[in-house]
Amino acid sequence: MDSALIPEGVKRCSVGKFLIFLGVVGAVLLWGVFAMLLCWIKGLNQTNMNDYYGFALWIWADLAVIALGGGAFFTGFLRYIIGKDELKNIINYAVLIGFICYSSALLILAIDIGQPLRGWFIFWHANVHSMLTEVAFCLSCYFGVLTIEYLPLILENRQLEKVPFFHHLSHNMHEIMAVFAATGAFLSFFHQGSLGGVSGVLFGRPFGYREGIFIWPWTFFLFTWSAAACGPCFTILITKITEKVTRKKLVKDNVIELLAKISGWMLATYTIAKILDTWYWASVTAPSKGFWVLDFYSNNPFYGPWILVLEIIICGVLPALILITESGRKSKPALLLAVILAAIGVSVNRWVMVLQVMAVPVMPFDSWYMYFPSWQEIATTILPVAYGVILIGLSHRYLPIFPQEKELNPVD
Amino acid sequence: MNKQHNKAKKFGMVIDLDKCTGCGACMVACMAENNVPFKADETNKLDSITWLRVYKLTNGKSFPNADFCYLPRPCMHCEGSHGHSPCVSVCPATATDYSHETGIVSQIYTRCFGCRYCMAACPYHARYFNWWDPVWPEGMEKYLNPNVSVRMRGIVEKCSFCYHRYQLAMEKAYYEGRREIEEQEYQTACTQACPAGAIVFGDLDNPEHAVHELKKNPNAFRLLERLGTNPKVYYISSREWVRQAGDNYLRQEGKSEKN
Amino acid sequence: MKVSRRTFLSIGSFIVGGAAGTALSPLPWKLTDDLSIWTQNWPWTPMPERGEVSYVNSVCTLCPGGCGISVRKVNDRAVKIEGMKGHPVNDGGICILGLSGLQLLYGPTRIKTPLKRVGEKGQGKFKKISWDEALKEVAEKLGTLRSEGKSHTVACVSGSACGTVPQLLKRLLTVYGSPNFMSVPTMQDAYAVTLKLMHGVDACPGFDVENADFILSFGSGIIEGWGSTVRMFKANSAWQDKKIKVVQIESRMSNTAAKAAKWIPARPGSEGVLALGIAYMMLRDGLYKKEVCDSAAGFEDFRKTVSENYAPENIAAATGIEKETIESLAKEFAGAASPLAICGRGQGHTPGSQYEFMAVHALNALAGNINKAGGVFTVPDPKYIAWAEPELDETAQKGMSSPRIDGAGSETYPHAKSLLNRLPPAILSAQGECPVQALLISEANPCYTLSDTQTVKKAFAKIPFVVSFSSYMDETAQYADIILPNHAYLERLEDAPAYAAGLSKPVIGLSKPVVTPQFDTKHTGDAVIALAKALGDKVAAAFPWESYAACLEETLGDKWKSLNEKCFAVVEESIEAPLQFFKQECKPVFAEGDEKQYPFVLMPYDSIRLANGFIGNTPFLTKTVPDTVLRKNDIFVEINPKSAGGDSLSLREGSAVMLTTPKGSAKVRVHLSEEIMPGVIAIPRGLGHTAYDKYLAGKGINCNELIGPAEDSGSGFDAVWGIRAKLSSVSI
């Protein structure tokens, strides 16, 4: 029925099957939309956030998707600026995932703020000293860049492409994509870094605070670096999942392995830098404020030293080792494990930098409070996931996302 | 009306914890003065708006050596270094500001869009978010104070050192042809109400104001001084453990200070 | 429909062009701006009106403390209550309850019109009636009872016995023919009996806390609301400045104990024993004022009794305090220039045992600080109410000669003026017709404040006709048949004698209307005069005044003018008070219940953040209640961790547990605290209201439901301070 829209030379599932898929995921999406409307109409009392958890699940989700969406800028950077040409076979998907991640981030932010209708004040009354201002500007600009990067893909749809204007527009946009890739990378370096600064500059919160070079450039660098390292891992992970779901190979191994190798080295260097940062913070910064590092990890039912082990060793050192060794990259299960761990690692890092910063009592007579999100928070966090799945489904069905698909899956 | 001629002030508080009885009159005086709303259930202290909150500190010892002390915590109106308070610099919309004229950290309710970054920045939990629409039972809105705007849902609010009282006092002074106000002309609602006289308020830089001397008391301390927040609220306690509870110390530091 | 490429393109360009055009027009920008302006002025967020600012001075009557207040008004709205500067009691200071008084004035618990009961008693279902109907109905009922010769079956419960309105009520009862005027007893009544027995005077105690230099407090909540609250807070601060030592004897570390220089946890109920133990040492070591005591009547008997029965070994065992501690305490107390011993547990809202009060007063007597600077003064009633003796008709005389229903003044209870605690049992134990046929209640909430409230409510349900003058829909008003709502305290003109507040010099205050009455209410004084006039004849003749305001002005006479200006007048009167030692044997009051069955002692404690008397807690006050006292609707009881682990229980912070006493049981949560003696459970007083509004009703439990009255053998007052209790596990 929709065959005219499906790219030539590839096979897609039946419309019925696709509609069932859309229906199921759409239901989840609607659930999220319902929760979102509740939050907008009734206010943030619908959440389990409180004055001790002003930032919670949503801000974590925001930071996490921005980090995971980092695959777009970094792959673009590698492809267009460094000239790793093989990556053209995955760049489309990286851009799509980035687009989903960044649009989700903006949506979550619009729900998270108490006065969404005044959200534009961040631009109008901008305070240039605030990390969030920088994040907001770069995030919005970069989202624009991602849209521009995604647009030619849409225009490559079989029917749209028939329109000469769209065809030429798409072609010309491809020509200058390097400029956008460079702009994207530039903007990403800023907002990823500023996101690191969000907790790093909080000198009232010794758990997040970093001093001297450990705030600038170190923390900024850490966040950008971790996004550059783990974003592509997430792109690989989603590609692998897509391959699993569509039951066909979409990207050649050499492309994946190249990206994995670069990510591995990024992750390895990041982890070393992160260990140095942690060491300095634990031995110098925190004690100067009156805290032993274990004070941040004890006297509460959840936040224990296991977090450090999980984040740095299991989700940092281990995947880095897998990815930088050739045999590790070439082993499918090991590669999969590595990219999953990397994605978890960066998410844990963002969780720690948002939630644990809030949870650690600073006044000596204050207490640890635990937090568990309300269903409305969970639903609105799942909403972008459902939206992403739908957008991937639609894009994959109707747009030539994977240039190697035809070659890898010849239709009889 | 030329404000540049005014000498910059640094309003601050000295709270005598030996006198504070923990009665909570300051909390209610503040709520009554500043139109702070209330809900049917205010037992969840994590979403209960109390610009000034009285904490109970315990010495951690067991019966009968236990001891406790109350500590009222308004906004500290941190100066940081040169007005770089933890919250002011992080506000993305310039909705909170450090006044170099008064030393007061302000909050513009109509500017704030509720991102809560300032709450994340404040180690004193002095900032409160309006999770709910403020609702008064029918007829009770009659007591609302027109000098303080009622805050809407979705924004952050906090202690303003009753800034509206400063404005009223200054207006009165200008009207009477004076450039400066007397110490007693501008006092916060909590200071005025405290039945124990434990709170003293004034210009920390003005030698004629009581706080100027009081802050030099050897038993005076500020909360979390080590963080560099440079707060303008001082506390006085003759009890060593209370002074120790005002900041974080590594274990051996604590011991060395006690010896 | 097949869409041609041309149509597709034209629709497409229309949409794109339209969108671009709209975006470039001012419309979206204007809309964005308007939307944000709308959020800044949401119609459902109130915007208080500006207007002319004025201040009205008055006296707060929420407690008998007598503080001066200054109320800020904007146009005709009262917007803030502040303490009155220069007032002799509070000089600008104000307590937490007084600050939130506007929430009572404008609050949802106000009774807005006269009401007549339509549901079952206590159900709280009423219909509105007019004042004429309401007064007529009450007058007719009273008239009928009187004509049936049952005038003595009418009783009145007033929150206080002082002031013109209680006195008008008493006068009404007298000329009507009933001796049954009762007031709500407090520690002041126990003190009054003490002063009567030890000095032979009719007086209230005045404590010269400003000049004392050593304070020995037997459980008095000096900064919990004892005496005149703000005055005590100020005294406490002055003691801190002057480094005056306060020793607090109490089984739980109250705020007072925490602020005191020394906290001595004593076994609950052993305070009187401890006082006499200290007396023993003062007598033994000759540390008492011989010139005052040796010549006092009964001194030798007292010395003998104390020397025989209160040796340190016994005292240490009874109180749980080490002998040496008691010894040094006695030395410090006796060694001070102006030592002051005070008692009356917590806020002193309940009278204590006569034994304890007399023991503590004996310490002051031994220290020779009666009617001396820094000591205890015997303050006479500032008799400013001097109305002509009313003429009683035959019915009234007959009625007045019948015995009081509560037995006060009888041979068994010669010293008490009224014994409200004896009213419910008298009603419930009576055979046949209810001995109280009609009850008037003013400024009192006995269905909440009396011990064993279940029994009290049962008794109230039996009274055929209950009239409440309450301004607020409290628990007792819910048992009324007719409610004649009084103006709220900020709406009425009334004298406010701060006589029974422990001031060394009593202050008469004048409470003035700050705002005009908000609802269809009537001053109780006017309602009483109207009722008297409706009853006619000699009853009406005893109330010659046109209105309450006229009555008050005439009563205050030459004081009126200055009171009207200043709102207060300080009374300088003294009374001779010869010292005599105990004439009768009083016994300590023990906690009810079997020690084996009930291993714990449950004690209510007072908090300044919880109003627990006639006035219910305001929303602001409840907001300040810590989450270790109340969480959602669950009340927390304090218990030492050492007591929490025993037997089958292993209680943790916040555990739910069943608290059972001989009087009842309730599900509570535990707050583990090192600030309480093992074996004692402390429960906050002031929660567990069933009436009022959603800001108060249903929160926690009322401790009076778990505690039964304990009649004092000396005075007859309810001297209960606790009850034995047990904890058992409960499923949540």
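This is a predicted model: local features need pLDDT of at least 70, side-chain atom pairs count only at pLDDT 80 or more; totals for chains, interfaces and linings use all residues.
In what order do the three strands of the open sheet in chain C lie? The strands follow the order β1-β2-β3, with antiparallel pairing.

**Sheet in chain C**

- Strand β1, residues 53–59, and strand β3, residues 77–83, form the edges of the sheet in chain C, each pairing on one side only.
- From one strand to the next, the twist averages 30 degrees.
- Strand β2(C), spanning residues 68–74, runs antiparallel to β1(C) and is joined to it by seven bridges.
- Opposite S58(C) stands I69(C), a residue of β2(C).

**Helix pair in chain A: geometry**

- Two packed helices are described by the angle between their axes and the distance between the axes.
- For helix α3(A), residues 70–82, and helix α4(A), residues 88–112, the axes come within 8 Å and cross at roughly 150 degrees.
- Because angles over 145 degrees count as roughly antiparallel, α3(A) is roughly antiparallel to α4(A).
- The crossing of α3(A) and α4(A) is left-handed.

**Helix pair in chain A: contact residues**

- Helix α3(A) contributes G71(A), A72(A), F73(A), T75(A), G76(A) and R79(A) to the contact.
- Helix α4(A) contributes K88(A), I90(A), I91(A), A94(A), V95(A), I97(A) and G98(A).
- By class, the residues in the contact of α3(A) with α4(A) comprise seven nonpolar, four polar and two charged.

Notes. Residues are numbered from 1 along each chain as its sequence is written. Chains are lettered from A and ligands numbered from 1 in the order in which they are written. Two strands pair if DSSP finds at least two bridges between them. Helices (H or I, at least four residues) and strands (E, at least two) are DSSP runs, numbered from the N terminus. Axes are lines fitted to C-alpha atoms, for helices over the stretch in contact, and angles run from 0 to 180 degrees between N-to-C directions. Angles under 35 degrees count as roughly parallel, over 145 as roughly antiparallel, 65 to 115 as roughly perpendicular and the rest as oblique. A crossing is left-handed if the near helix is turned anticlockwise from the far one by less than a right angle, and right-handed if clockwise. Two residues are in contact if their C-beta atoms, placed from the backbone, lie within 7 Å. Ala, Val, Leu, Ile, Met, Phe, Trp, Tyr, Cys and Pro count as nonpolar, Asp, Glu, Lys and Arg as charged, and the others, Gly among them, as polar.
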